[in-house]
Every structure is written in structure tokens, then in C-alpha cells.
Amino acid sequence: MVTRFQEIDMTRDIADIRRDYEGGRLDEAGTPEAPFALFDEWFRLALESEGDDGNAMTLATADTQGLPHARVVLLKGYDEQGMVFYTNYHSHKGSELANVPQAALVFWWPSLSRQVRVEGRVEQVSADESDRYFASRPRGSQLGAWIATQSVEIPDRHWLEERQSRYEQLYAEQEIARPAHWGGYRLIPEMLEFWQGQPSRLHDRIRYEQRDGDWHKYRLAP
């Protein structure tokens, strides 16, 4: 019996899947001395080009054994102080960040042939900042922060639906307060790298690194 996977494998070799990237040139002379203005420019274009996926980013963390873990989360704020995202503090990534407060982010915007990598230390945002963001969320998302004991093994989907029903009844006629175990993190950048795809794999890469409080930029080979 031939499976669907085998059918795909026989008709298309993934080693032959490729695209030729095209984009405007990214030159050192045309970039600012600090990276944030360039990130802001690229991010705004990504929101126009990628729509609701423009703020999706891969978050990579490490556990106490040095093993890496990655997942896609959503950027919910940024400025010169760093990039902010929200999650359950008791989740796997929350536990990893509590023990190893360093992380990396990757933004990939295929419609623009652009990638941005960010690395730095991570800290929790203030309770007030988490409260303000939580209050802005849709009610269903607020309930979800209470319902989902993130990353904990559960028996089945029915368990989750029963828990949802209980919390919907509990908060039926009242505001939903932010759980103490849920809030924001800020990644404080120590490195940002901007990648602009170019034909023939001769991509442009401009890296910014912070040293002694100042930003230094340089070009990397593709």
C-alpha cells in the first residue's frame, strides 16, 4: 500500500525545492547607526505585506542542560528597550527563561524576502504593563489564560472543554482579572541582524551588536 506521504515523496524531491530571492539592496551606508529605526521600518512594511502574520516570530530558549527549544509566538510591543511577548509564566518557555534568561527571536517575512534575528537577555515586564495588555485582550483570550494550564499533559480535549465551561460560569457576570501566572516578557536586544534576500544566494546581511553601551554595525558574508 502506497501512503500519501510516499506519493508526495516520489513526485517531488524536497532537495529540488528552492526559490530565487529578490529585494532592494541593504547597504551599510544606508542604514542608521542604531538598529531600532530600521527594525521599525521593516516591521511596518511587514504588517502591510504579511497581514495578521506580520508579528509572528520564532522564540528560542534553552533549558538548564543547554538543550534548545523553539516555538512561534506573537510580538505585542517593541521600542528601544526591547521586544515584548506574553505567555504563561509556568509554561515550558517560562520555566526555561526563569533558569536561563537569554533568548533569541527570528522574524521571517517571505513576501519581502526579509529576516531579522534578535538575541539578548529576557526579563518580565512590570505587573502594570501586563495588566494593561491583559485588559485589552478579547474576553475569550482572557478566559483562555485561566483555562489553559499551558504545557501540562492533559487526558483529552474533553478535559479542556469542561474546564472552559467552569470558568465561563465563574466569570459570567464579572470582569476577568489577570492570573498571577500570566504576563509579559521583554527581550532586551544585544544583537540584531537584518537579512535581505538577493539573487544567486548573495544575500545582504547587516549585523548590529551592542558593546559597552554603544551599537556597532558591520556586514556579514551571505
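**Reading a predicted fold, feature by feature**

Colleague: Let's start with helix 6: how many residues does it have, and how far does it reach from its first C-alpha to its last?

Modeller: Helix 6 covers residues 157-170, which is 14 residues, and its end C-alpha atoms are 20 Å apart, close to the 20 Å expected at 1.5 Å a residue. Helices (H or I, at least four residues) and strands (E, at least two) are DSSP runs numbered from the N terminus, and the expected span is 1.5 Å times one less than the number of residues. Bear in mind that this is a predicted model, where local features need pLDDT of at least 70 and side-chain atom pairs count only at pLDDT 80 or more, while totals for chains, interfaces and linings use all residues. Residues are numbered from 1 along each chain as its sequence is written, and side-chain values use heavy atoms, with hydrogens and water left out.

Colleague: Which residue caps the N-terminal end of helix 6?

Modeller: That is D156, with a side-chain oxygen 3.2 Å from the backbone nitrogen of H158.

Colleague: And the whole protein: how many helices and strands are there?

Modeller: There are six helices and nine strands. The C-alpha atoms fill a box of roughly 60 × 60 × 40 Å along the principal axes. Of the 222 residues, 36% are buried, where buried means under 20% relative accessible area, exposed means over 50% and partly exposed lies in between (1.4 Å probe, protein chains only).

Colleague: Which residues does UniProt list for the domain?

Modeller: The unreviewed UniProt entry gives residues 55-162 as "domain: Pyridoxamine 5'-phosphate oxidase N-terminal". UniProt positions are in the numbering used here, feature names are shortened, and annotations may be inferred rather than shown by experiment. In the model, residues 55-162 are 31% helix and 40% strand, with end C-alpha atoms 32 Å apart.

Colleague: Which residues does the "binding site" annotation cover?

Modeller: In the unreviewed UniProt entry, the annotation covers R18, R19, D20, Y21, K76, Y133, R137, S141, R201, L202 and H203. They span 186 residues in sequence and the farthest two C-alpha atoms are 43.0 Å apart, so they do not all gather at one spot. Of these residues, K76, Y133, R137 and S141 are included in the lining of the largest pocket.

Colleague: How many residues line the largest pocket, and which lie nearest its centre?

Modeller: The lining has 16 residues, with Y86, T87, R137, Q150 and W182 nearest the centre. A pocket is an open set of points on a 1 Å grid over the protein atoms alone, where a 1.4 Å probe fits, with protein on both sides within 12 Å along at least five of seven lines; lining residues have an atom within 4 Å of a point. The space in the largest pocket is about 330 Å³, counted as the space filled by probe spheres set on the points, which are joined across faces, edges and corners. Strand 2 (68-74), strand 4 (82-88) and helix 5 (139-147) each supply at least two lining residues.

Colleague: Is Y133 buried or exposed?

Modeller: Y133 is buried, at 18% relative accessible area. Y133 sits in helix 4 (residues 127-136) and, leaving aside neighbours within four places in sequence, touches K76, Y86 and W182.

Colleague: Where is Y21, another residue of the annotation?

Modeller: Y21 lies in the loop between helix 1 (4-11) and helix 2 (36-50). Y21 is also buried, at 15%. Not counting residues up to four places away in sequence, the contacts of Y21 include S113, W195, R201 and H203.

Colleague: What is the phi of S113, and where is S113 found?

Modeller: S113 has a positive phi of about 55° although it is not a glycine, and it is found in the loop between strand 5 (102-109) and strand 6 (114-124). S113 counts as buried, at 2% relative accessibility. S200 also has a positive phi, near 60°, but counts as exposed at 56%. S200 is in the loop between strand 7 (182-196) and strand 8.

Colleague: Which side chain joins R207 in a polar contact?

Modeller: The partner is E193, at 2.8 Å. A polar contact is a pair of N or O atoms within 3.5 Å; within protein, one must be able to donate a hydrogen and the other to accept it, and residues adjacent in sequence count only if both atoms are side-chain atoms. R207 is in strand 8 (residues 204-211) and is buried at 16%. E209 is found in strand 8 as well, and its side chain makes polar contacts with those of R211 (3.4 Å) and Y218 (2.8 Å).

How values were computed. Contact means heavy atoms within 4.5 Å.
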